[in-house]
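Dear colleague,

Please read them with the coordinates open.

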Amino acid sequence: MILPLDFRASMQQRFGERFATGMAVREHHGRDESAYEPMPPDAVVFVESTEEVAALVRACAAHRVPLIAFGAGSSLEGQVLAARGGVCVDLSRMQRILAVHSEDLSASVEAGVTRLQLNAELKDKGLFFPVDPGANATIGGMVATRASGTNALRYGTMRENVLALTVVGAQGQVLHTARRAKKSAAGYDLTRLYIGSEGTLGIITEVTLRLATQPEAIAAAVCHFPSVDAAVRTTIATIQMGVPVARCELLDAAGVRAVNAYSKLALRETPLLLFEFHGSASTLAEHAAAVQEIAHEHGGVDFVWARAPEERNRLWAARHNAYFAGLQLRPGCRSITTDVCVPISRLAECIEETRADLATACFPSLLIGHVGDGNFHVQMLIDPNAKAEREQAEACNERLVRRALSMDGTCSGEHGVGLHKIDFLLAEHGPEAIEIMTRIKQALDPLGILNPGKMFR
């Protein structure tokens with residue numbers, strides 16, 4: 001859209017150089033880690049406080065200018081793309097850790113604080129924030145996309161780890177969704193309403209989080225398997241036996257080959273599970289022995305331990321970089337990345353059918369998963385100039401989602417909806433639920449200026 005001249009003038013007067021219209025800045029804020037072509041906003045505003053966000057929203061509402069919240073730009077489904085132009089509100093300068101309440105196991109931060117920044121602050125206090133999506137995402141962005149990650153098996157997702165929010169609504173009003181108490185039965189649960197709303201209902205500026213205590217002992221282990229099916233069935237048996245694993249990650253053979261090359265590892269290039277156990281030294285040994293026995297029953301070999309922090313960190317860094325490692329398998333490719341989540345009892349079936357489907361594709365792919373909670377990802381590496389490859393990848397994605405839904409799963413365990421999965425919401429939730437969602441959107445954002453084009457058509 002073309003920004004009104006009086007709007008531009010007022011923004012320049014209020015924000016000065018923090019109101020940016022240069023093409024380089026706009027293009028940077030018009031892309032994420034999805035396969036979409038850049039959709040740059042018309043301007044970018046670097047805000048530094050809740051009050052500034054409120055003033056910006058009021059100005060945009062007065063001129064009906066779309067607003068897109070931006071944190072680190074690490075989303076995977078097009079959430080931060082300016083599909084209808086407008087202004088990108090960059091919250092990355094809101095980096096204050098407002099309070100750490102060690103005795104209550106909670107902390108309040110501004111939305112631009114990243115998870116690594118927060119955990120560096122907490123390290124000397126014997127605490128940590130457990131939600132770990134891999135990317136060094138901002139806390140505000142993690143709330144907006146209901147992020148999850150490798151620790152969700154033990155510690156839950158953002159849904160379970162957010163106590164309260166400060167949100168700027170579509171008319172510029174500032175609201176506080178809850179207080180710091182660990183639970184409440186007072187009124188509607190507004191906090192959960194905004195978690196996962198992807199910036200379509202309000203702009204999150206402050207977050208109060210649950211924290212966890214650092215475990216007394218941590219141990220990681222790698223175990224290789226003759227097949228993905230054997231690895232997945234080991235995971236299912238482990239969960240069903242109630243063994244308290246902190247993390248359980250799957251890489252298929254292509255994923256292992258990618259991380260070996262990218263992270264200079266020498267892992268056996270067969271499907272593997274990467275486990276992590278938290279607890280006391282005695283309980284770790286007991287839990288690890290139980291998992292090792294289950295793994296051996298399913299053909300698991302080379303159960304290798306990494307107890308030293310530097311060894312564990314190297315393994316988990318390699319896992320977190322698996323996305324970028326995958327891109328190196330086909331230089332110049334674009335990645336169409338998708339995820340689903342199914343009940344753990346249907347996981348092996350879903351993954352096996354998905355792998356059979358991908359085996360017929362004309363492009364390489366990787367399958368990686370937080371399989372301990374039934375969530376897995378597929379990375380399809382396509383030639384960006386080959387229309388047929390993109391169409392085939394999207395067809396594989398649609399079949400994967402339909403497969404997951406038929407197993408009572410979801411179209412996304414953690415990536416969110418954005419632009420890419422809008423059409424699957426109706427199949428997952430049904431018309432009655434979608435109508436309620438759109439009514440909520442219309443009630444809270446009657447002008448439709450908050451991240452338009454996302455979540456719903």
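Is Lys264 buried or exposed? Lys264 is exposed, since its relative accessible area is 63%, where exposed stands for over 50% relative accessible area, buried for under 20% and partly exposed for what lies in between, with a 1.4 Å probe and protein chains only. This is a predicted model, so local features need pLDDT of at least 70 and side-chain atom pairs count only at pLDDT 80 or more, while totals for chains, interfaces and linings use all residues. Residues are numbered from 1 along each chain as its sequence is written, and side-chain values use heavy atoms, with hydrogens and water left out.

To begin with the overall picture, the protein has 17 helices and 18 strands, both being DSSP runs numbered from the N terminus (helices are H or I with at least four residues, strands E with at least two). The protein is as compact as a globular protein of its length, because its radius of gyration of 22 Å is close to the 23 Å that the globule rule gives for 457 residues; the radius is taken over C-alpha atoms, and the rule is 2.2 Å times the number of residues to the power 0.38. Along the principal axes, the C-alpha atoms fill a box of roughly 70 × 55 × 45 Å. Of the 457 residues, 56% count as buried, and the protein exposes about 19,000 Å², of which carbon and sulfur atoms supply 52% (Shrake-Rupley method with a 1.4 Å probe; for residues, only the protein chains shown count as cover). Among contacts (heavy atoms within 4.5 Å) between residues at least 6 apart in sequence, 72% join residues at least 24 apart.

Two residues deserve a look for their backbone. Most residues other than glycine have a negative phi. Lys264, however, which lies in the loop between α10 (253-263) and β14 (272-279), has a positive phi of about 55° although it is not a glycine. Met455, placed in the segment after α17, likewise is not a glycine and has a positive phi of about 75°. Whereas Lys264 is exposed, Met455 is buried, with a relative accessible area of 10%.

The helix α17 itself (residues 431-444) holds Lys441, which counts as buried because its relative accessibility is 14%. The side chain of Lys441 reaches the backbone oxygen of Leu450 at 2.9 Å, and, not counting residues up to four places away in sequence, Lys441 touches Thr200, Leu201, Pro446, Leu450 and Phe456.

When neighbours within four places in sequence are left aside, Thr21 is in contact with Arg8, Arg26, Asp42 and Ala43. From Thr21 to Phe456, which is one of the residues that Lys441 touches, the separation is 435 residues in sequence and 28 Å in space, C-alpha to C-alpha. Gln13, found in helix α1 (residues 5-15), is exposed at a relative accessible area of 71%; Gln13 and Glu391 are 378 residues apart in sequence, and their C-alpha atoms are 46 Å apart in space.

With kind regards

Conventions
Polar contact = N/O pair within 3.5 Å; in protein donor to acceptor, adjacent residues only side chain to side chain.
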